[in-house]
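Open the model in your viewer and keep the selection panel at hand. The tour goes stop by stop.

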Amino acid sequence: MKKHASPARPRPPLLIVGAGRLGGALALSLSARRWPVRVLSRTEAGRGRLKALGLKPATDKDVHQARVCLLCVPDSAVPEVAQEMDRQLGRGAALVHCAGALSLDALGTPKGRPLGSFHPLCAVSDPRDTLAGHTVALSTRSRTLKTVLRGMADDLDLHVLEVPESQRAAYHAGAVLSAGGVVALLSAAVEALGCAGIPADEALTALLPLTRSGGSGHGGSRACGGPHGPHRPGRRGHRGPSPRLPAPGRRRALPPALPARAPAGRASPRPRSPHGPGGAARGAKLRQKACLSTAEKPLSTSPPLASPTL
């Protein structure tokens, strides 16, 4: 019996507005997967980046013929650029922004245009960075546009996450905590190790595997550096049960609270210092000596880690 070949995935002409890191990464990756892509940049520096990356700049004809327009511009510029592109795009072309914090309302209310958002959950530091293996948050009310955006995600090897418009702020807060929050904590940890005289590069070498192992122990998988998911009892290298987060809707039992005051007739017991008599003052001096006594040296000679933009 003769098998019918599956229909080819639709790859309509794409216009990417913005030649920054994300715009360049999307253009390079989609072009490599046979999507017809043109990039529109308003600045001389942006056009120079396109030439260096081997990307095709958009002509007026390309702008008019594009069926999907991706806005890879700063969040604050999305409304203005969307209004400008609405005047230039051909009839029925879709407008899609790539901002994590913005709802579809940021695109305005252009008549006859499908609206959507396509936000890769990936900290892109260079246009040549790969997006494969990450997640993309999609939102659109158009079935046709959703099919195109899902096709883009499949070709880019991106897991699709559909975010309700009413919960956009909560989604973006989680994304920032998982990327920028972790980077901020790592930066503070590097500062702490620098206080102990450990150079920043050695500190990162030590702390990054620790961070990944901590994430995998709490259910992280490939995103936390564990290609086989979290450790489970019986696996080589596992010692004792894996730490588990409480199930949703359940709370851990709190330890019994200490009495607020001593019973009547008894003096409140004073906690014993681990440093012996007069230990409170001695402990403070030790802590000061451990980290803050070297006034001649800065806390860290290395710049803080850069936080990714989402």
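Which helix lies across E4, E5, strand E6 and E7? Select residues 168-195: this is helix H6, and H6 runs at about 20° to E5. Angles here run from 0 to 180 degrees between N-to-C directions, with axes fitted to C-alpha atoms, for helices over the stretch in contact. Contact means heavy atoms within 4.5 Å.

A word on the ground rules. This is a predicted model, in which local features need pLDDT of at least 70 and side-chain atom pairs count only at pLDDT 80 or more, while totals for chains, interfaces and linings use all residues. Residues are numbered from 1 along each chain as its sequence is written, and side-chain values use heavy atoms, leaving out hydrogens and water.

**The sheet**

Zoom out first. The protein chain holds eight helices and seven strands. Both are DSSP runs numbered from the N terminus: helices are H or I with at least four residues, strands are E with at least two.

Now show the strands. Seven of them form an open, mixed sheet in the order E2-E1-E3-E4-E5-E6-E7. E2 (37-40) and E7 (159-162) stand at the edges with a single partner strand each, so one side of each has no neighbour in the sheet. Neighbouring strands are turned by 25° against each other on average, direction ignored.

Select 94-97 and 115-121. These are E4 and E5, paired in the parallel sense over three bridges. Pairing requires at least two bridges found by DSSP. Look for Val96, which stands opposite Gly116 in E5.

**Helix H1**

Next, select 21-32, helix H1.

Just after H1, stop at Arg34, which takes a positive phi of about 70°.

**The cores**

Select Leu26, Leu70, Phe118 and Met152. Of the 33 residues in the largest nonpolar core, these touch the most other members. Such a core joins buried Ala, Val, Leu, Ile, Met, Phe, Trp, Tyr and Cys residues through side-chain atoms within 4.5 Å. H5 gives the most to this core, with five residues.

Another core, of 21 residues, lies apart from it; Leu40, Ala66, Leu107 and Leu115 are among its members.

Note on methods. Buried < 20%, exposed > 50% of the residue type's maximum accessible area, 1.4 Å probe, protein only.
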